[in-house]
Amino acid sequence: ELLTFINENYKFTKDNKDTITCKKMYDIFKQSETFNNFTKEQKRNEWSRSKFIEKIKNNVVLGKHYVERNMNQRNFLQGITVYNDNQDDDDNEDEDN
């Protein structure tokens, strides 16, 4: 479920400056249909923000891109490098047309 959400909303880039915080990812995840389909108990226990971050850290694919801090960005804690928000691309395409 987590990897599906990530692949639908983000894309992998080769630029190490492309980062997203786990907090921002979780806020977007909370608005997703996947999250809304969980029971109250699942939302509280299995998909809390701390569990979400833990799942990212322990995921085979995402874990190698997880960073606790990024010194290039001020106040950046717990995030994934080399992932870019697909929503930003949609905005750029609109500007190009």
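Two residues are in contact when they have heavy atoms within 4.5 Å of each other. Keep that rule at hand for this tour of a predicted model, in which local features need pLDDT of at least 70, side-chain atom pairs count only at pLDDT 80 or more, and totals for chains, interfaces and linings use all residues. Residues are numbered from 1 along each chain as its sequence is written, and side-chain values use heavy atoms, with hydrogens and water left out.

**Whole chain.** Show the cartoon first. Of the 97 residues, 35% are buried. Buried means under 20% relative accessible area, exposed means over 50%, and partly exposed is in between (1.4 Å probe, protein chains only).

**A charged pair on α2.** Next, show the side chains of lysine 23 and aspartate 27, which form a salt bridge at 3.4 Å, N to O. The rule asks for a side-chain nitrogen of Lys or Arg within 4 Å of a carboxyl oxygen of Asp or Glu. The two residues are four apart in helix α2, about one turn. Lysine 23 is partly exposed at 46% relative accessibility, and aspartate 27 is partly exposed at 31%.

**The core.** Select Phe29, Phe52 and Ile56, which have the most contacts inside the largest nonpolar core, a set of 18 residues. Such a core consists of buried Ala, Val, Leu, Ile, Met, Phe, Trp, Tyr and Cys residues joined through side-chain atoms within 4.5 Å. Helices α1 (2-9), α2 and α5 (49-58) each supply at least two of its residues, and α2 gives the most, with five.

Which residues does phenylalanine 29 touch, not counting those up to four places away in sequence? They are Phe5, Thr34, Phe35, Phe38, Trp47 and Phe52.

Finally, select serine 32, in the loop between α2 and α3 (33-36). Serine 32 is buried, with a relative accessible area of 12%. A polar atom of the serine 32 side chain lies 3.2 Å from the backbone nitrogen of phenylalanine 35.

Key: Polar contact = N/O pair within 3.5 Å; in protein donor to acceptor, adjacent residues only side chain to side chain.
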